[in-house]
Amino acid sequence: MIELKNIEKRFGDNVVLRDISVSMAERSVTALVGPSGGGKSTLLRCINLLELPNAGTVRIGAEALTFGTGSRVATGDIQRLRRQTGMVFQNFQLFPHRTAIENVMEGLTVVLKWPEAKARARAMSLLEKVGMAQKADAWPATLSGGQQQRVAIARALAPSPRVLLCDEPTSALDPELAQEVVDVLSRLADEGTTMVMATHDLRLASTVAGEVIFLEAGEIVEKGPAAAVFGRPERERTKRFIATLRQEQQTSASAT
Ligand code: ADP
Ligand code: MG
């Protein structure tokens with residue numbers, strides 16, 4: 001279970017997240033949606049502590065850290081909590097000078113100090129899971145965006161994190177390549193992978209997410225089961241935003 005309690009994040013005077021409290025069940029998939037600048041990326045980065053909240057508590061499984069009490073949070077504690085998470089970025093961020101399988105192995109051999117053969121075997125089984133085994137020895141630059149993102153997903157899953165965080169995982173991809181990433185994430189969701197994803201991609205959010213959080217100006221406007229938030233949004237703001245997403249999706253579908 002992931003629990004955020006009274007999370008606040010400021011950049012200087014700019015309050016980017018205000019008093020965010022939400023919990024996400026084990027094996028659930030949550031989509032963070034909302035206008036650009038609303039705080040989706042910052043919220044994800046506060047879960048893996050790439051950004052430290054100014055106040056509030058982050059809990060992942062048995063690990064919890066509270067910020068803003070005046071006492072400094074130890075680096076070792078931050079790393080322990082961060083290791084409960086895996087992160088997938090919009091622009092993949094593979095190491096360009098490592099092959100696909102080496103990218104997946106890196107965290108296992110360097111951080112977890114696994115022996116090479118064991119790391120390679122795990123990396124290969126993850127590449128199979130994302131349909132990339134045949135490209136294990138390829139360099140990232142020779143792969144399509146969709147293929148790179150599938151390798152990045154395998155890399156994020158390698159250390160068996162409790163939660164997979166995805167920041168706009170399909171936004172840099174053409175619709176066709178986005179679909180192969182949606183398919184992989186959808187399969188992971190069916191297998192019970194706990195995920196939190198920021199996305200503008202209605203197809204991704206509505207096929208993969210069970211829960212939706214609509215975030216605007218650092219506050220949760222509406223949250224609930226995906227079918228309810230997408231099908232019968234309660235708040236006027238949510239209705240308008242979802243209508244915009246539908247329109248964008250139709251435009252991009254008719255463009256291809
Ligand atoms: P979203 O992902 O929903 O588009 P972000 O979390 O990226 O929103 O940004 C929320 C707000 O926080 C924006 O106003 C953005 O300019 C600000 N912000 C994000 N990261 C930083 C940073 N490292 N330094 C200063 N301001 C930031
Ligand atoms: Mg963002």
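The model is a predicted one, in which local features need pLDDT of at least 70 and side-chain atom pairs count only at pLDDT 80 or more, while totals for chains, interfaces and linings use all residues. Residues are numbered from 1 along each chain as its sequence is written, chains are lettered from A and ligands numbered from 1 in the order in which they are written, and side-chain values use heavy atoms, with hydrogens and water left out.

Around ligand 1 sit F11, N14, V16, P35, S36, G37, G38, G39, K40, S41, T42 and E51, a residue being near the ligand if one of its heavy atoms lies within 4 Å of it. By class, this shell holds three nonpolar, seven polar and two charged residues; here Ala, Val, Leu, Ile, Met, Phe, Trp, Tyr, Cys and Pro count as nonpolar, Asp, Glu, Lys and Arg as charged, and the others, Gly among them, as polar. At least two shell residues come from each of β2 (14-24) and α1 (40-47), with α1 giving the largest share, three residues. Helices (H or I, at least four residues) and strands (E, at least two) are DSSP runs numbered from the N terminus.

Oxygen atoms of ligand 1 take part in several polar contacts (pairs of N or O atoms within 3.5 Å). A polar backbone atom of G37 is 2.7 Å from a ligand oxygen, and for a backbone N or O atom of G38 the distance is 3.2 Å. K40 brings in a polar side-chain atom, 2.8 Å from an oxygen of ligand 1. The protein covers 59% of the 560 Å² of accessible area that ligand 1 has on its own (Shrake-Rupley method, 1.4 Å probe).

Contact (heavy atoms within 4.5 Å) links 13 residues of domain 1 with twelve of domain 2.

Note on methods:
A polar contact is a pair of N or O atoms within 3.5 Å; within protein, one must be able to donate a hydrogen and the other to accept it, and residues adjacent in sequence count only if both atoms are side-chain atoms.
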